[in-house]
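Subject: Structure for you to look over

Hello,

I am passing on the structure below, with notes on what turned up in it. Please read the notes with the model open.

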Amino acid sequence: MFHELIPREFPQVEPAEIERRLNQYLECEALLKQFFRQVDYCRPNCITQSISRYSKKDEIPGIVGCCSDDAYMEKHNPSVDFAPLEQRRRLKYGLPENQESEIQGIGRKPCRYHTIEGCVLEDYKPPICVSYVCGDFVVYLANTFGIVYDWKNVCETMANILDGQICGAELEKFKQQLNIFVEQTKTRKEQQHQDDTTHISEHLLALV
Ligand code: SF4
Ligand code: SF4
């Protein structure tokens with residue numbers, strides 16, 4: 001399903017430079033993770049629901065979400081050397097081992113990093129895994145938080161950070177944008193929580 005590119009030679013990069021790029025990548029990955037955690041869309045709206053595209057029905061109800069096939073192997077940009085990221089991932093998490101059975105009625109398997117708890121990777125995920133959201137999710141972000149999220153653009157930017165093509169002012173601008181997403185969702189969630197609390201208090205007062 002996903003591209004397995006023919007191995008090719010990439011220019012030699014100094015170890016210190018590889019480290020610098022990886023650190024920048026991890027920093028942006030952490031911001032995206034915080035953003036998606038705060039939004040908390042997939043679990044309540046999709047992966048625990050029977051509407052989930054890859055629902056395993058009675059076995060594992062919908063928990064697979066988008067993580068079918070081996071999405072982590074996707075190398076969407078052939079000019080980017082993903083090897084340093086992959087090496088660090090394997091060093092930290094080992095080779096993907098999950099052997100969950102095929103998703104019923106679909107004939108596809110969950111990603112090998114996928115487990116009953118979800119993805120085992122806390123970091124060093126490939127760009128596609130840290131950035132992808134489906135159309136419904138895009139609409140939710142726009143309607144709930146006023147956020148216009150272009151996952152392809154984010155995915156490409158993450159790959160370019162890994163490749164050293166995005167750094168300096170451009171990188172700072174990207175991080176600033178991610179921080180705005182984090183702040184916007186945090187503020188909105190806090191507001192939602194406050195509204196809910198006020199609503200419950202008013203309801204309880206009306207019962208007294
Ligand atoms: S991105 Fe969309 S399809 Fe994928 S798990 Fe989340 S809600 Fe489901
Ligand atoms: S690596 Fe993780 S996020 Fe990516 S497809 Fe596999 S389980 Fe999903």
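To start with a local detail, aspartate 40 comes after helix α1 and has a positive phi, near 50°. Please keep in mind that this is a predicted model.

Confidence

The average pLDDT of the protein is 85, and 85% of the residues score at least 70. Confidence is highest in α1, with a mean of 97, and lowest in strand β1 (residues 114-115), with a mean of 83. Where pLDDT is low, the predicted coordinates should not be read in detail.

Overall layout

There are seven helices and two strands in the protein. Their order along the sequence is α-α-α-β-β-α-α-α-α. Of the 208 residues, 25% count as buried. Taking contacts between residues at least 6 apart in sequence, 69% join residues at least 24 apart.

Helix α1

α1 covers residues 15-39. As a reminder, an α-helix has 3.6 residues a turn, so residues three or four places apart point the same way.

Helix α7

The same length check works for α7: its 40 residues should span 58 Å at 1.5 Å a residue, and its end C-alpha atoms are 59 Å apart, which agrees. α7 is hardly covered, with three buried residues among its 40. Those three are Phe174, Phe181 and Thr185. The elements that cover them include α1, α5 and α6.

The nonpolar core

Which residues touch the most other members of the largest nonpolar core? They are Tyr25, Met158, Ile161 and Leu162, in a core of 23 residues. α1, α4 and α6 are the elements that give two or more residues to this core. α6 gives the largest share of the core, six residues.

Leucine 162 touches Arg21, Tyr25, Val80, Phe82 and Leu85, leaving aside residues up to four places away in sequence.

Ligand 1 is surrounded by twelve residues, of which Cys42, Cys46, Gly65, Cys66 and Cys134 are the closest. By class, its shell has eight nonpolar, two polar and two charged residues. Both α2 (42-47) and α5 supply at least two residues of this shell. The largest share, four residues, comes from α2.

Ligand 2 is surrounded by ten residues, and Cys67, Ala71, Cys111, Cys119 and Cys129 are the closest. The shell around ligand 2 has eight nonpolar, one polar and one charged residues.

Regards

Definitions and conventions:
Residues numbered from 1 in each chain as written. Chains lettered and ligands numbered in written order. Predicted model: local features only at pLDDT ≥ 70, side-chain atom pairs only at ≥ 80, totals over all residues. Near = placed C-beta within 6 Å. Nonpolar A, V, L, I, M, F, W, Y, C, P; charged D, E, K, R; others polar. Expected span 1.5 Å × (residues − 1). pLDDT = per-residue confidence, 0-100. Core = buried A, V, L, I, M, F, W, Y, C linked by C-beta atoms within 7 Å. Buried ≥ 20, exposed ≤ 12 C-beta atoms within 10 Å, placed from the backbone. Contact = placed C-beta atoms within 7 Å.
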